[in-house]
Amino acid sequence: MFELFKTRAEASGNTEVKRFETTLEALDFINDFLKEENIQDVAGSYAVWADGPLLKQIDTKVMEKKFPGLSFNVTRELAKGARVGISQLKWGIAELGSMAQDSADVEQRLASALSWIHVAILPTTKIVANLADFMKKMHPKEYKYMTLITGASKTADIERVLALGVHGPDRLVILCVDDLEVEGA
Amino acid sequence: MKIDMPKNVDEALESTSLSGILDRWDYQGTRAKAFEGVDFQALRTRIAKVKGGVADNFDEVAETFKKNAEANGIKVFRASSAEEAKEYIANLCKEKEVKKIVKSKSMATEELHLNKHLEQFGIQSDETDLGEWICQLAHHTPSHMVMPAIHLNKEEISSLFSDEIQQPLDNDIDKLVKVAREQIREKFFEADMGISGANIAIAETGSIVICTNEGNARLVTSLPKIHVALVGLEKLVPNYEDAEPILTALPRNATAQLLTSYASFISAPTLNDDGTMKEVHVVLMDNNRTAMAEDPKFKEALQCIRCGGCLNVCPVFRLVSGHVFGDIYTGGIGTILTSWFTDLKSAEEIQAFCIGCDKCKEICPGNIDIPGLILEIRRRKAAKEGIPAVYKGALQVINNRKLFHSLLKVASVGQKPFAKDGFIRHLPFFLSNFTEHRSLPTVAPVAFRDLFKTIKQPKSDTKAAFFAGCALDFVFPKTGENIIKVLNKGGVEVTFPEDQSCCGIPHWGSGSFDMAAKSAAHNLKSLLEDDPQYVVVGCASCTTALKKEWVEVLQSEGMDDLIPQAKKVAERTYMFTELVNKLVEDKKLIPKEGVDTHKLTYHDSCHAKRHCGISQEPRSALSAAGYEIKDMKECDTCCGMGGAYTIKQSDVSMNMLKRKMENVQETGAEFVSAECPGCLIQLGGGLDKTDSNMKAMHPADLMIDKFQ
């Protein structure tokens, strides 16, 4: 299931899928990633991290100190100036390479829709086969706002030529974490 | 820079950006890939069932939606007309002191001319979908439902953007997109209200579903404190699970994607980022949809999911785009929606662009007979206003084969009597004066009906009645003779019921169903006279009449007593190569041994492929006769003939031919074959214009000495 998810997601437009056995390894990756992307306290170089089960496992104060410019309080202004937006997703859909977001809290949307790079954390165990299976798992009766995200923001409105990052991220990095569901949500 | 929208066919055909852009995209190839592993027929049957069921119960489903959405905290307003919808939104803006609006793509708001309406109250609406924004800057209407600015090239767009930001820009598409991001982003943050459409509205849960690739709908519904969704009644589905087939078909058919980048389900108001509660309004708009649902024919069009796939495969749309072929809603489906939602008069004009090739019908995920409904617009117009007297006169003449024959005898000598008063222009295509582009095929000195009497045939118990059609009877009698000779070798004796007349396709295509029915009635009697085992036809269009249209047209004209006979004819009718293929399979027709192989490309005429479902049989029959088939690109795309179409829309027709010829010649084949005299005239005429040695020939002429 993971392999199909990875193949389909990586074909959906500037998307990378990485897999980690443990949350700790994923966190190490995020650390390196924020360094690599040169996150700092300057508009355009912020990082925002929307609330999610994984955050229970880290000391956000320490992280914020380590990365001035990283904020766990996602406001519209910070998100607007963010290079990286991090959030945790609920489900993956293998056949489509899509992920489902519980978007009821606006900060989930701000972090994933305004930044240049969306880093999406997904428990590997929560990947289902197809859209029909997903719809059995997540129902609008329980979720006020939910979004299926597939690849980066894109358009072909000019001469049918694909261009990325129209209004949202021009890059999507998906971190599939094997032990996350067990320890987290 | 001011860029004018093309107002007519000539301007559209001359525009360099229009024709190229859609053609460079291999829509059909990428679409097929996106549908791998999906049973498209089952999928569209499901969608048609769900949406058709809703159209039967608009009121009930709309009330369920209203009840459930309101229970979630969404305000729902049911607008019966465009006026009511506009008034509701305008009043809401006044009440909430809204000055700035950001919009994500919504065809329904285009239908209302909403931006213009709000502008008079000093409210600025900004489109945020890139294509829509480009159209807004250019003061153009969208030319395509999914790709609104497909009629503009990057140079034109760069110049529009440059004017907007007062800075010079180059033509790099990535950079242009970033300019748009920067410009529009501010607007999201400043707006007091966001207006969206919806792709689906789910009654069971009171949810709307919005799909975008750019992500603008997520911002439109998140940053401003008020969200208004304008939703046509036809977007309703009863249950959550009904969204699944639509979400499966929509992105695959629209842009050959498995899913759009973002698909949002909004079911209730959520908190804004300042802690206040968002206001969510859904305006459920009727605007003649209920009336449409009550029309037994047009109800079907409410199954449309607005994927725009029909535009991408339409050979006419691909040449002239939506400003000529369309109004607010564009292309074939657009013509139908226009006739109900915006402007019937304009739809009655636009319908003439449809050549009836049925290419769109094949890929429609709502299972809508788009060309059939366009023909229905034409039929109603003809019933209401009648058709021009001179045209009617011509159609009457071809229904009387004997009169036609005697007139043609005169024509073959001089053609003068026909030239008078433009009468000739309304005769079947092959007699019309299109010398401007091609040479007029001459009327044969001896018609098939006279030639037939001189043909000696071996006697057989297996008899086939030959339905010649006007073209083989009067222009290509030799092909008729060859058909008989090939069938004779397969042990079939061919009769020619002399009383036969025109098959009625020209009448049917012009919307004159009454005359088409008369023609069917007349022919049925004649064809069944000797109770033949087969009825054989050498023309794909006539084949369609015999196999399909006669039954339908008799039904539609209330001539039910003739339907059993029409069904009998339909069952016995074979297109020539279809019968040859059967005779070869039955080992009754044996190919000669040691014949030289020749390379051939086969053009699928629209009538054969999509109306009758015949595409493999001609290829097998021609292969058996020693031809190596080399398929051309888009072998089943219309050549542009379309009967009277080539006269009424001659420039479009010629441009369709030009594209066809490129594909034909690319194969390097020696022959191009098609089993339709109309296509052959078109293809032959096209070849005449080139240096090519390739010949356009009827299968019978290619098979004459290939069987034992």
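Domain bounds here come from an automatic or database domain assignment. The model itself is predicted.

**Exercise 1. Find which domains chain B is assigned, and describe how domain 2 of chain B meets domain 3 of chain B.**

Step 1. Start with the bounds. The assignment for chain B lists domain 1 (9–290), domain 2 (434–581) and domain 3 (585–703).

Step 2. Look at the spacing. Between domain 2 and domain 3 of chain B, the C-alpha centres are 20 Å apart.

Step 3. Count the contact. Domain 2 of chain B brings 34 residues, and domain 3 of chain B brings 31.

Step 4. Ask what builds the domain 2 side. At least two residues each come from α25 (469–474), α26 (477–489), α27 (505–509), α29 (540–556) and α31 (576–585) of chain B. The largest share is that of α29(B), with six residues.

Step 5. On the side of domain 2 that touches domain 3 in chain B, 15 residues are nonpolar, 14 are polar and five are charged.

**Exercise 2. Describe the packing of helix α10 of chain B against helix α11 of chain B.**

Step 1. Recall the description to give. Two packed helices are described by the angle between their axes and the distance between the axes.

Step 2. Apply it. Helix α10 (residues 154–165) and helix α11 (residues 173–190), both of chain B, pack at about 35°, and their axes lie 11 Å apart.

Step 3. The crossing of α10(B) past α11(B) is left-handed.

Step 4. Name the residues. From α10(B) come Lys154(B), Ile157(B), Ser158(B), Phe161(B), Glu164(B) and Ile165(B). They meet Ile173(B), Leu176(B), Val179(B) and Gln183(B) of α11(B).

Step 5. Sort them. The contact of α10(B) with α11(B) has six nonpolar, two polar and two charged residues.

**Exercise 3. Work out what chain A contributes to its contact with chain B, and which strands pair across it.**

Step 1. Count both sides. Chain A gives 42 residues to the contact, and chain B gives 51.

Step 2. Locate the chain A side. α5 (106–113), α6 (131–137), β9 (145–149) and β10 (154–155) of chain A supply at least two residues each. β9(A) has the largest share, five residues.

Step 3. Sort the chain A side. It divides into 19 nonpolar, 14 polar and nine charged residues.

Step 4. Follow β9(A) across to the partner chain. β9(A) pairs with strand β9 (residues 262–266) of chain B. The pairing is antiparallel and runs over five bridges.

Step 5. Pick one facing pair. Opposite Thr147(A) stands Ser264(B), in β9(B).

Key
Residues numbered from 1 in each chain as written. Chains lettered and ligands numbered in written order. Predicted model: local features only at pLDDT ≥ 70, side-chain atom pairs only at ≥ 80, totals over all residues. Axes fitted to C-alpha atoms, helices over the stretch in contact; angles between N-to-C directions. Helix = DSSP H or I, 4+ residues; strand = E, 2+ residues; numbered from the N terminus. Left-handed = near helix turned anticlockwise from the far one by under 90°. Contact = placed C-beta atoms within 7 Å. Nonpolar A, V, L, I, M, F, W, Y, C, P; charged D, E, K, R; others polar. Pairing = 2+ DSSP bridges.
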